[in-house]
Amino acid sequence: MRSGSCGGLKTITSPRRLQVAATAGVRQWNGQPFPISVDERGNRESHFEVRWRRSLGGRQIGVARTQWSPEEGLQVLMLELAAQSPFGTGTLEPRQVRLIAAHEMGHALGILMHSDNSRDVMYPTNTATSLSAQNYKTMGALYALEDGTTILR
Ligand SMILES: [Zn+2]
């Protein structure tokens, strides 16, 4: 995800608040369609980790690292989230981090394309305010497909 916002004052958000916000963003997909559990302490076996980066380069503020192979299908390697605003305005705000995490988790769950609706969390820049019914419908439709289904566009 790229940042489309530009603040004035420098923000300083504690790492703990950023972590809480990222966890909340990932959990927004909980039950849509299956349960998602987040281990904030990193003690349990996990499918993938969330890593913080000071910067992801340019206006990039989040990325879902995935790989795809015909044998394994889509594999999520990690989510990377920027802690700092790309505009030099300090740390990102928790509200932004929650949406970035939700966006990248959407990719991790298999929504590889971006939405063309700027209020949608899967829009390429951080203009949404929350996950929409359309987000959940997209995910539901994706998981209603049989394994191995090819989508042509
Ligand atoms: Zn994206």
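This report describes the fold, the sheet, a central helix and some individual residues of a predicted model.

**Overall fold**

The protein chain contains three helices and three strands. Their order along the sequence is α-β-β-β-α-α. The C-alpha trace spans about 50 × 40 × 25 Å along its principal axes. A compact globule of 153 residues would have a radius of gyration near 15 Å, and the chain agrees with this at 15 Å. Of the 153 residues, 26% count as buried. Among contacts with a separation of 6 or more, 65% are between residues 24 or more positions apart.

**The sheet**

The three strands form an open sheet with mixed pairing, in the order β1-β3-β2. Strands β1 and β2 are the edge strands, and each pairs on one side only. From one strand to the next the twist averages 25°. Strands β1 and β3 run parallel and are joined by five bridges. Within this part of the sheet, R53 stands opposite A82 of β3.

| β1 | 49–53 |
| β2 | 62–69 |
| β3 | 73–82 |

Strand β3 also holds E80. Is E80 buried, exposed or partly exposed? Because 18 other C-beta atoms lie within 10 Å, E80 is partly exposed; a residue needs 20 or more to count as buried. Leaving out residues up to four places away in sequence, E80 touches R51, R53, L56, G62, V63 and R65. P15 is 65 residues from E80 along the chain, and their C-alpha atoms are separated by 15 Å.

Helix α2 covers residues 94–108, which makes 15 residues. From the first C-alpha to the last, α2 reaches 20 Å, close to the 21 Å expected at 1.5 Å a residue. How many of the residues of α2 are buried? The count is 13 of the 15, so the helix is largely enclosed by the rest of the structure.

In soluble globular proteins, nonpolar side chains tend to be buried together. The largest nonpolar core here has 25 residues, and the members that touch the most others are A22, L81, V97, I100, A101 and M105. Helices α1 and α2 and strand β3 are the elements that give two or more residues to this core. The largest share, seven residues, comes from α2.

One of the core members named above is I100. Apart from its neighbours within four places in sequence, I100 is in contact with M1, G25, I61, G62, L81 and N126.

**Backbone details**

Most residues other than glycine have a negative phi, and most peptide bonds are trans. Two places in the backbone deserve mention against that background. The peptide bond between Q32 and P33 is cis, with omega at about 5°. P33 belongs to the loop that runs between α1 (15–27) and β1.

How values were computed. Residues numbered from 1 in each chain as written. Predicted model: local features only at pLDDT ≥ 70, side-chain atom pairs only at ≥ 80, totals over all residues. Pairing = 2+ DSSP bridges. Helix = DSSP H or I, 4+ residues; strand = E, 2+ residues; numbered from the N terminus. Axes fitted to C-alpha atoms, helices over the stretch in contact; angles between N-to-C directions. Expected span 1.5 Å × (residues − 1). Buried ≥ 20, exposed ≤ 12 C-beta atoms within 10 Å, placed from the backbone. Rg over C-alpha atoms; globule rule 2.2 N^0.38 Å. Contact = placed C-beta atoms within 7 Å. Core = buried A, V, L, I, M, F, W, Y, C linked by C-beta atoms within 7 Å.
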